[in-house]
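Take a look at the model below.

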Amino acid sequence: SSAFQQRNLKPTVPYLPRKDGNGPYSTTSIFGEKKIVLSTPYQDFNRINSNILNRREIISSLLTISASFCFPHESLASDEMTNEIDSSAPFTVILSVQTDAKSDATSKIEIEVRPDWAPLAAKRFRELVEIGFYNDSRFFRVLPGYIAQFGIAADPKLNKEWMLCEKNCKALPDEPRKEKNKRGTLSFASSGENSRQTQVFINLGNNDGLPNFLDGQNFVPFARVVRGMDDTVKNLNSEYGIVETVSAGLAGGVNQGKAAYYGAEYLDAAFPKLSILRDAKVIR
């Protein structure tokens with residue numbers, strides 16, 4: 001419908017590399033325009049805003065000085081150590097998924113989130129789960145043997161806050177990759193440097209090396225599926241993804257800009273068979 005021809009955003013998806021090797025290549029953007037996208041987006045963790053780091057260092061120094069005069073050192077150290085342990089401890093997220101949009105039946109995907117793999121990604125995922133960002137969202141891009149992607153909210157208001165903002169957008173700084181993009185791991189999608197926001201994909205195969213080279217493109221795993229990979233994930237609707245794969249991206253793919261701008265309204269009208277992520281909860 002022409003009513004959906006509105007905005008223009010950068011795509012935030014892991015792309016299949018060109019058959020003729022690495023380098024920039026043209027891909028259809030989320031609003032149908034042609035854009036040049038780097039096939040090997042790089043990361044530089046040192047580019048985090050230096051002002052933020054300086055402020056943190058100053059605050060840390062002031063706290064240390066205050067503690068030396070006002071608080072027992074052992075108590076302060078104990079509290080800090082407890083906070084560090086809590087923030088780095090693995091936690092579980094349960095996804096309730098309606099794999100068949102025509103049926104009300106749901107099944108579970110159990111995810112172990114590992115802050116020790118990627119603390120920024122783990123913290124962001126937890127925050128999004130806890131505010132209900134993923135509830136009733138769709139697995140909008142399922143490419144058999146490659147990825148199952150979700151992370152565009154059903155509510156356009158949430159997308160406006162987290163994805164469609166033109167200034168001060170809530171993009172994560174890049175962080176070093178510690179684990180490989182093996183089958184069952186989860187990584188945030190991105191469109192280049194420091195561009196991770198809300199979209200996440202499950203690796204349906206070992207994508208660390210040939211033919212997809214997601215490790216080389218610095219997609220950073222932060223979690224892994226521990227239950228549901230061989231049933232719930234396997235049964236996710238891939239009808240549109242197969243068309244996208246066969247047509248080399250010329251057909252079948254969800255227009256991510258329209259999905260973000262209109263939410264479930266657009267997806268229900270244009271892609272009614274997509275599997276639905278009904279609920280996501282953190283299990284402490």
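This is a predicted model: local features need pLDDT of at least 70, side-chain atom pairs count only at pLDDT 80 or more; totals for chains, interfaces and linings use all residues.

The protein chain averages a pLDDT of 79. Of its residues, 69% score at least 70. Where does pLDDT stay under 50? One such stretch is residues 1-11. The model gives this stretch 27 contacts beyond four places in sequence. Residues 15-85 also have a pLDDT below 50. That stretch has 79 contacts in the model beyond near neighbours in sequence.

Now the whole chain. It has 284 residues, and 45% of them count as buried. Its secondary structure comes to eight helices and 11 strands. Take the contacts with a separation of 6 or more: 68% of them join residues 24 or more positions apart. The chain exposes about 15000 Å². Carbon and sulfur atoms supply 52% of that area.

Next, the interior. In soluble globular proteins, nonpolar side chains tend to be buried together. Here the largest nonpolar core has 50 residues. Which residues have the most contacts inside it? They are Phe125, Tyr134, Phe139, Phe150, Ile202 and Phe222. Helix α3, residues 119-130, gives this core its largest share, five residues.

Leaving out residues up to four places away in sequence, Ile202 touches Phe139 and Phe150, among others. Its partners also include Tyr146, Ile147, Leu186, Val225, Met229 and Val233. Gly184 and Thr185 are among them too.

A second core is separate and has seven residues. Among them are Ile147, Phe201, Leu214 and Phe219. Ile147 of this second core is also one of the residues that Ile202 touches.

Note on methods: Residues are numbered from 1 along each chain as its sequence is written. Side-chain values use heavy atoms; hydrogens and water are left out. pLDDT is the predictor's confidence in each residue, from 0 to 100. Contact means heavy atoms within 4.5 Å. A nonpolar core is a set of buried Ala, Val, Leu, Ile, Met, Phe, Trp, Tyr and Cys residues joined through side-chain atoms within 4.5 Å. Buried means under 20% relative accessible area, exposed over 50%, partly exposed in between (1.4 Å probe, protein chains only). Helices (H or I, at least four residues) and strands (E, at least two) are DSSP runs, numbered from the N terminus. Accessible areas come from the Shrake-Rupley method with a 1.4 Å probe; for residues, only the protein chains shown count as cover.
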